[in-house]
There are 2 protein chains.
Amino acid sequence: MMSKSIRTTLAIILAAGSAASGARAAQVDADRPLIISKQGSFFVGGHDVQSDALSTIPNFASSGTISVDQVYVRYQTPVRPARYSITLIHGCCLSGKSWETTPDGRMGWDEYFLRQNFTVYVIDQAWRGRSAANPAAVNAVKAGKAGADTLPAFISAGHESAWTIFRFGPEYPKVFPGMQFPLEAQGEFWKQMVPDWGYSMKPPVPTVPALSELAQKVGNTVLISHSQSGIYPFQTAMISSKGIAAIISLEPGACPAADYDMSALKNIPVLVLFGDFVDKSEAWTNRFKGCQEFVRSAKAAGVTAELVSLPDVGFHGNSHMIMQDRNSLAVAGWLGEWLSHHVRQPSSRQ
Amino acid sequence: MMSKSIRTTLAIILAAGSAASGARAAQVDADRPLIISKQGSFFVGGHDVQSDALSTIPNFASSGTISVDQVYVRYQTPVRPARYSITLIHGCCLSGKSWETTPDGRMGWDEYFLRQNFTVYVIDQAWRGRSAANPAAVNAVKAGKAGADTLPAFISAGHESAWTIFRFGPEYPKVFPGMQFPLEAQGEFWKQMVPDWGYSMKPPVPTVPALSELAQKVGNTVLISHSQSGIYPFQTAMISSKGIAAIISLEPGACPAADYDMSALKNIPVLVLFGDFVDKSEAWTNRFKGCQEFVRSAKAAGVTAELVSLPDVGFHGNSHMIMQDRNSLAVAGWLGEWLSHHVRQPSSRQ
């Protein structure tokens with residue numbers, strides 16, 4: 001763990017870097033005690049299913065009822081919370097851990113936004129982390145009741161392929177010049193990765209209605225998605241705009257397609273944000289272009305929507321893991337500024 | 001979420017209940033802001049493995065390196081931390097969520113001990129929650145490279161069987177008289193349950209060396225285990241007694257056997273704690289007897305060891321989920337008292 005003096009110095013460096021880049025300084029003192037009004041965790045979504053494939057060992061009954069598709073939510077509320085909250089939604093092969101302490105031991109966005117007086121909600125997507133998967137499809141095969149081809153896709157991203165997807169460099173282990181991701185701590189980052197069942201799920205995945213339940217329960221929350229979850233806030237808005245204060249989509253795996261019903265975003269400002277080196281990756285260039293088209297259509301339909309490339313606003317060297325890059329708090333400070341200018345006053349929202 | 005007045009009232013009721021039972025009142029005001037010196041998360045344990053079964057879909061490479069067997073740890077430190085910390089280790093089919101907000105919305109032990117000025121570490125066991133599982137054994141079968149019989153045990157406890165194991169009643173849905181578990185909120189509890197890969201693992205499971213790494217890293221920590229993890233602190237002490245201030249085993253699935261090397265516990269006070277209705281369950285009666293034998297042998301070998309039945313010290317109606325029962329904070333207060341009398345001063349520990 002990091003010493004207090006190193007943490008203080010880092011906070012100062014980050015603040016200076018942010019000021020230099022033209023964004024408001026990320027005003028946060030990591031050494032100041034954190035004062036929390038309340039904290040805890042709960043679930044949204046989920047339902048009961050009956051199964052006769054819960055177990056293949058004698059100690060546990062194979063038949064019974066389990067609860068699945070729920071989404072784990074951890075929250076912290078400051079003493080004087082801002083009028084809207086922040087909900088952090090991780091991406092592929094990761095869990096809510098993405099937003100906590102960075103691999104090199106710096107403050108995560110969960111605490112940064114809390115220290116900026118936002119109530120912060122961090123979720124684990126359905127079937128991942130602390131949100132239960134259903135073991136029945138695996139056990140049915142083990143019990144000989146179903147063929148091996150019925151096993152769900154259960155994927156882990158290897159370090160080598162993730163290296164390219166996360167744009168640490170053009171290919172493992174080459175590094176893009178000026179890379180902001182703390183690669184000296186990559187071992188701690190690889191430990192954050194968890195296997196992902198999501199690629200067997202048909203949309204809308206259970207995380208989406210759960211996010212809608214969360215937004216309606218807590219009210220006026222900014223949905224910040226990352227990568228694979230990029231489309232979820234837009235799908236959530238299709239269920240209801242209720243409770244959604246804004247959408248920030250960090251490097252979405254996909255933006256909504258041309259046939260998306262823009263009326264869902266009538267009162268929801270949208271920011272799509274990309275890091276650096278996008279032009280060095282064909283896959284990311286294509287995703288970026290898709291998002292450009294979406295934002296263009298959204299604006300034409302009257303939606304307050306914006307696509308921003310971090311290098312265009314003075315942040316250079318960002319990987320796909322923007323929330324963990326060395327300048328992560330400066331970027332978070334910039335996002336806070338964007339929100340302060342774009343989230344409507346409660347009086348004008350219904 | 002619960003209103004402030006209900007939370008205040010609850011805190012008062014709990015304090016009163018605790019005083020009535022003869023234990024020191026659980027002095028905690030849930031409405032007082034929580035002041036945290038630092039918080040965050042990190043991993044202990046883990047190593048890299050090569051695999052050619054990481055994926056069965058084209059979007060992700062099937063060959064590569066992943067990190068597995070690491071253990072996720074979340075921590076919070078108060079401004080003036082006590083001289084020893086608390087590490088909370090969940091049981092079967094659950095995650096670190098067990099120790100957070102209770103199903104009926106009350107404060108969990110994670111926050112209770114923090115408010116009593118302990119640094120608190122909450123883990124997810126290896127292969128569960130935010131601690132990655134390895135998908136290779138499933139993918140090898142799906143890819144036709146291995147037979148269905150090689151699939152690991154992947155079990156979920158159904159509500160009906162868990163009801164009996166957790167001693168909510170003699171059988172689902174009958175309830176033991178005076179039951180302290182908040183069954184009116186059982187839906188939220190069932191959502192806490194996650195599938196468990198652990199029954200395919202040979203001991204020592206990776207959680208054990210990771211716990212040893214944690215204890216040695218943070219120093220002077222009390223390992224509080226629950227149920228299936230009950231044996232882990234004792235196995236951890238076999239690796240090294242370094243960093244272990246005490247062991248509290250809540251309703252262990254098993255206590256160490258007669259051939260356990262008691263010298264491992266030379267400087268480590270041990271408490272094994274059981275709830276109510278143990279005599280109503282044959283399985284739990286057997287576990288209780290096994291622990292009685294262990295404690296007897298430990299004491300004979302000079303270990304400071306104690307087995308306590310909650311009804312014997314004035315707490316009645318506790319289920320297996322002691323940390324979530326209605327009197328959970330009063331029991332935690334009693335544990336705090338026990339620790340204050342049993343954890344040695346740093347000067348006498350090496």
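**Close-up views of the two-chain model**

Figure 1. Among the residues of chain B, Gly129(B) comes closest to the rotation axis, with its C-alpha at 2.0 Å. This is a predicted model, in which local features need pLDDT of at least 70 and side-chain atom pairs count only at pLDDT 80 or more, whereas totals for chains, interfaces and linings use all residues. Residues are numbered from 1 along each chain as its sequence is written, chains are lettered from A and ligands numbered from 1 in the order in which they are written, and side-chain values use heavy atoms, with hydrogens and water left out. Chain B is superposed on chain A by a rotation of 180° with 0.0 Å of shift along the axis, at an RMSD of 0.0 Å (least squares on the C-alpha atoms of residues with pLDDT of at least 70 in both copies). This relation is that of a two-fold axis. The same surface serves both copies, since 100% of the contact residues of chain B recur in chain A (contact: heavy atoms within 4.5 Å).

**Figure 2. The interface of chain B and chain A.** The contact draws 80 residues from chain B and 81 residues from chain A. Between them the two chains bury about 6,500 Å², 56% of it on carbon and sulfur atoms; buried area is the accessible area (1.4 Å probe) that two parts lose on being put together, summed over both. Across this interface there are 4 salt bridges, a salt bridge being a side-chain nitrogen of Lys or Arg within 4 Å of a carboxyl oxygen of Asp or Glu. Asp124(B) and Arg130(A) meet through their side chains in a salt bridge, at 2.9 Å from N to O. On the side of chain B that touches chain A, the largest share, 13 residues, comes from strand E1 (residues 34–51) of chain B; helices (H or I, at least four residues) and strands (E, at least two) are DSSP runs, numbered from the N terminus.

**Figure 3. Strand pairing between the chains.** Strand E1 (residues 34–51) of chain A pairs with E1(B) in the antiparallel sense over 3 bridges; pairing requires that DSSP find at least two bridges between two strands. Leu34(A) stands opposite Ile36(B), which belongs to E1(B).

**Figure 4. A salt bridge within chain A.** Over all chains, the count of salt bridges comes to 22. Glu100(A) forms a salt bridge with Arg74(A), their closest N and O atoms being 3.2 Å apart. Glu100(A) lies in the loop between strand E3 (85–89) and helix H2 (109–115) of chain A and Arg74(A) in strand E2 (residues 64–78), so the pair ties together parts 26 residues apart in sequence.

**Figure 5. Backbone geometry in the loops.** Most residues other than glycine have a negative phi, and most peptide bonds are trans. The peptide bond from Tyr172(A) to Pro173(A) is cis, with omega near -5°, and Pro173(A) is found in the loop between helix H4 (159–165) and helix H5 (186–190) of chain A. In chain B, the peptide bond from Tyr172(B) to Pro173(B) is cis, with omega near 0°. Cys93(A), a residue other than glycine, has a positive phi, near 70°, and lies in the loop between E3 and H2 of chain A.
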